[in-house]
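Me: I would like to go through some of the labels attached to this structure and ask what each of them rests on.

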Amino acid sequence: MAAVIKTVNLTKRYGSLVALSNLNLEINEGDCFGFIGPNGAGKSTTIKILATLLQPTWGEARVCDYVVGYESRKIRPLIGYVPDYFGAYEDMCVLEYLEFFAAAYNLNGPQRTKIVNDVLELTDLGYKKDALVDGLSRGMKQRLSIARVLLHDPKVLLLDEPAGNLDPRARIEMRELLKELRRMGKTIMISSHILPELQDLCNTVGIIEQGELIYAGPWTEIVNKAKTGRVLHVGVAENQAQAAAILSQDPSIANINTNNGYMEILLNEGVNDHTFVPARLIQAGFKLTLLKEEEVNLETAFMRLTKGLVQ
Amino acid sequence: MLGLTDYLWRLLPANPILVRVVETASKRKRDLIIRCLYLGLLIAVVLFSLGTSTTSYSGMSLGDLTKASSNIFENMSYLQLGLVALLAPIFTAGAITQEKDSQTYDILLTTPLSNGQVVLGSLMSRLFFVIALLISGVPIFSVTQIFGGVAISSISLSFLIAAATAFVTGSLAMAIATFKVGTRRTIFSFYMFIVLFMVGTFLMDQMEYFKIGLIDPLTGKPSGELSQTSWLTAINPFLALKAIFHDKRYMAPGITLLPPNLQRFPMGWMLAWPTTFYISFMFFLSFLLVMPSIILLRRMAQSTNTIRGFILQKLKLSTGDKTRKPRAVWSNPIAWREAKTKASATRASFLRYGFILAGLIAAFAVVLFYSRQMPVKNWVDRGSFNAAENTLYIAGNNGGTFMIDPARVQVNLGDQQKNVSILADKLQVISFQIANMGKQRFVSVIDLKEIPRALDEATSRKYLLGLVILEAAVILLIITNAAASTVTREKEDGTLDLLLSTPITSHFYIWGKLRGLVSFVLPLVAVPAISCAMFVTYDLLRWMGNESQFKWLVLPEAVVLLPVTLIIVSAFAAILGMQMSLRCRTTVRAVMSSVGIMLGICGFLGWCGLAIVEGFRGTDSLSLAFASFSPFALMAILVDPYQYGGRVFENSDPSEILGARVIMVIFGLIATGVYAAIVWSMYKSMVKNFDMTVRKQSR
């Protein structure tokens, strides 16, 4: 599959601050790429460069094989950019707002009317078309932002924190909308801090920290990579310290951490059967209150990777 | 007692808001530059005044020295007040949007700081810089003390006038902010209100209507004289300042010269001592504006509705519902937004149509008053003189039909002797002498004069010129504001990035903006042009009526040259505003700097143009050619050539006047071409550098 977005040694400096350092990234057509990183890691800068709003200091960024900076005019009709804030013209209503941006994409006449109506229907905003943009709720505004970027049917969507500050219902609605767009074949690059949702939505992810890309690839891989061994959470009714002492003698167990009322037991690599743990505790007369294998998801992977657990 | 002292100490000297500003103010580079420029200007005025007073002080008498000193003081005081009037709104206007712009405002309200501390701290921190500027100018003012001639009290009054002006401006901005009657757009209205108030009251002061009829203190009866100062002297800082210079042409009347009903307090104080009244009144007004803000600050902050919204809902003009019928968007969305959304907003429509209507009504009223002839006792008109029968009918009380001998009758128009053909014009008969020759009564001498009008020619021109200049100033302020806020507002709203990620090019964007601005402002430009056209039409009707004493009231070429000049100056204002809008990060900064630059350029060009016409009195054609390059001077000459056109219009040689007019038209058009080239090159450079400038600022 052809890479729709490609960056080669992409570097961006603001004075002495290095916002991006030699970023190498490839996103294929139809991919939904989740861009994760702490605040100030360089996510928005990368998205802005791809949206032709910033010039890289060094390196190259390509969108649909066009080079940012040299062929920005060819890139703009192919992308839809949603920033991490809502750009609202305070004196426009929803329909005017969409017509305004449709005209910016050279859509005029009956074609424009049809597209605007279609997009309003797709984003379920038809009943709000006379409402002033300034008076919309945050969720509605974000939906309107998505409606805006769909007007010219772009190949690539660049979404910078589209679900930030949304209430749970608006977030779920947004996620469903993005899933629909993915089904329509759009290539989506989305940055977000809500990792479970990215896991649900994206097939690939990239983790960036201090301007450097730590990982890029399928999220399942990163989760596996973050696994350092199987971890069991085990709770006993009393004498937790004694239980920990008994288990620590077992050669299959690498480490035990006692937490708030339960033990975090790290099994040695290659140990797939953990049934010996409850058996040994019951045999020693302990009453089990908890037995659960830790699930490694994107969130845990992110925490481990960005804390430098995996280099 | 200790509690009160502590409260007062915390209210201002130890007010944390003020302390923060005072501590950081001296470290800011921008403040240092402004302070240097301000003091530099004051020093320049002193040196200029010293240089122009005389070439050598050695031969000057003490009287001359004191005169030179008071001249320096006068110039410096005007400059100081002008700069304070210019800077105070700039520094205080920010208060209007503090709630919206500043994230710290809400936090401040949740602290134990009292309302008084918040309001006064905010007010004083905004005024601190202006007050600091005033104080820094004291050593320069003391130069006048070397020569004498200027009383310390006059210097103190001059400083107090400037300080009172700054305080009332700041207090007004604070009141607007507290009572939520302002938005970001209000900043411009606020600025314009202050400029228009000062300019308007200054111009109105010239009108006799606002002067006071004085009495003879001995008899107590009207003396028939009017005061030099007016009702407006006590409310305009420049007039109040003018009154302290002991200028023989602008002295406040003594209290005993005022009619008895105006001698009482506070009228007597206002009219007889306008300067001290101005200072006291403005400080009192500041207090009145600040007190409700202090009392109601937190209550108003808790309110979710604005006063405007509340009033509109009470009047059932608004339901509070945030919906509107959508309008059709043009194919150039940028132009559409500039022209439509701004123009069709209720307030903008009201202002725009209000401006057009007021301008046209005012011009029509001046034409009407000019055309209205006052009733006279006796007059002659077309048909009065019968050349076939040699009779003259004099209308009016002592009139009748008389014989006339064209060869012997003496016809005087003013102090000029005229031919009998003039008797066909409508003229007032001041007096006539009858000689009896047999049974027939012959008119031997007849003294005529123009029938007085409700507004005479010179006053009509003065009014029209005032109107045109005021309209031009308002148009330029409107377009400068609209242009200066156009890009910064998109930066602030976050919509610029959205537009930049679309296929819209810099050329398309800037052209769209300019097109929108022009279509927004074009109907306004038509107002002064139509005002002049009304006079020219009336003149044409007079001319067709074969009035032998015909003289254009307004030069007819004004109908073409005036709008052309105004359009090109507006285009310059628009492009300058857009340049500043592109470079500045905030709307307030862009608007204030653009307006400041425009005022400076227009003032400088206007002064240069009129100074050239005055200065080159020996070579009038050359001076007119140069003056045509100054838009405001050109407007003044077109509308009132006899006052501002120099010597050539003062003499009555028609061929010389015609030559001067031709030169003015040619050079006026050349000047327009030059300005158009400047505007075009600024536009091209803006298009070229747009991407770089905007992307540099991308957040």
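Me: What makes the crossing of H19(B) and H25(B) right-handed, and how are the two helices directed?

Reply: In this predicted model, the crossing of H19(B) and H25(B) is right-handed, a word used when the near helix is turned clockwise from the far one by less than a right angle. Helix H19 (residues 457-493) of chain B and helix H25 (residues 631-639) of chain B pack at an angle of about 150°, with their axes 9 Å apart. Angles over 145 degrees count as roughly antiparallel, and H19(B) is therefore roughly antiparallel to H25(B).

Me: Which residues of H25(B) make that contact, and how do the residues of the contact divide by class?

Reply: H25(B) contributes Phe632(B), Met635(B), Ala636(B) and Val639(B), while the residues from H19(B) include Arg461(B), Leu464(B) and Leu476(B). By class, the contact of H19(B) with H25(B) has 10 nonpolar residues, no polar ones and one charged.

Me: Why is H10(B) called roughly parallel to H15(B)?

Reply: The axes of helix H10 (residues 152-178) of chain B and helix H15 (residues 274-302) of chain B cross at roughly 25° and come within 8 Å. Because angles under 35 degrees count as roughly parallel, H10(B) is given that description relative to H15(B). Their contact comprises 19 nonpolar, seven polar and no charged residues.

Me: How do you know whether Gln417(B) is buried or exposed?

Reply: Gln417(B), which lies in strand E8 (residues 416-418) of chain B, has 59% relative accessibility; exposed means over 50%, so Gln417(B) counts as exposed. Leaving aside neighbours within four places in sequence, Gln417(B) is in contact with Gln410(B), Val411(B) and Asn412(B).

Technical notes. Residues numbered from 1 in each chain as written. Chains lettered and ligands numbered in written order. Predicted model: local features only at pLDDT ≥ 70, side-chain atom pairs only at ≥ 80, totals over all residues. Heavy atoms only, no water. Axes fitted to C-alpha atoms, helices over the stretch in contact; angles between N-to-C directions. Helix = DSSP H or I, 4+ residues; strand = E, 2+ residues; numbered from the N terminus. Parallel < 35°, antiparallel > 145°, perpendicular 65-115°, else oblique. Contact = heavy atoms within 4.5 Å. Nonpolar A, V, L, I, M, F, W, Y, C, P; charged D, E, K, R; others polar. Buried < 20%, exposed > 50% of the residue type's maximum accessible area, 1.4 Å probe, protein only.
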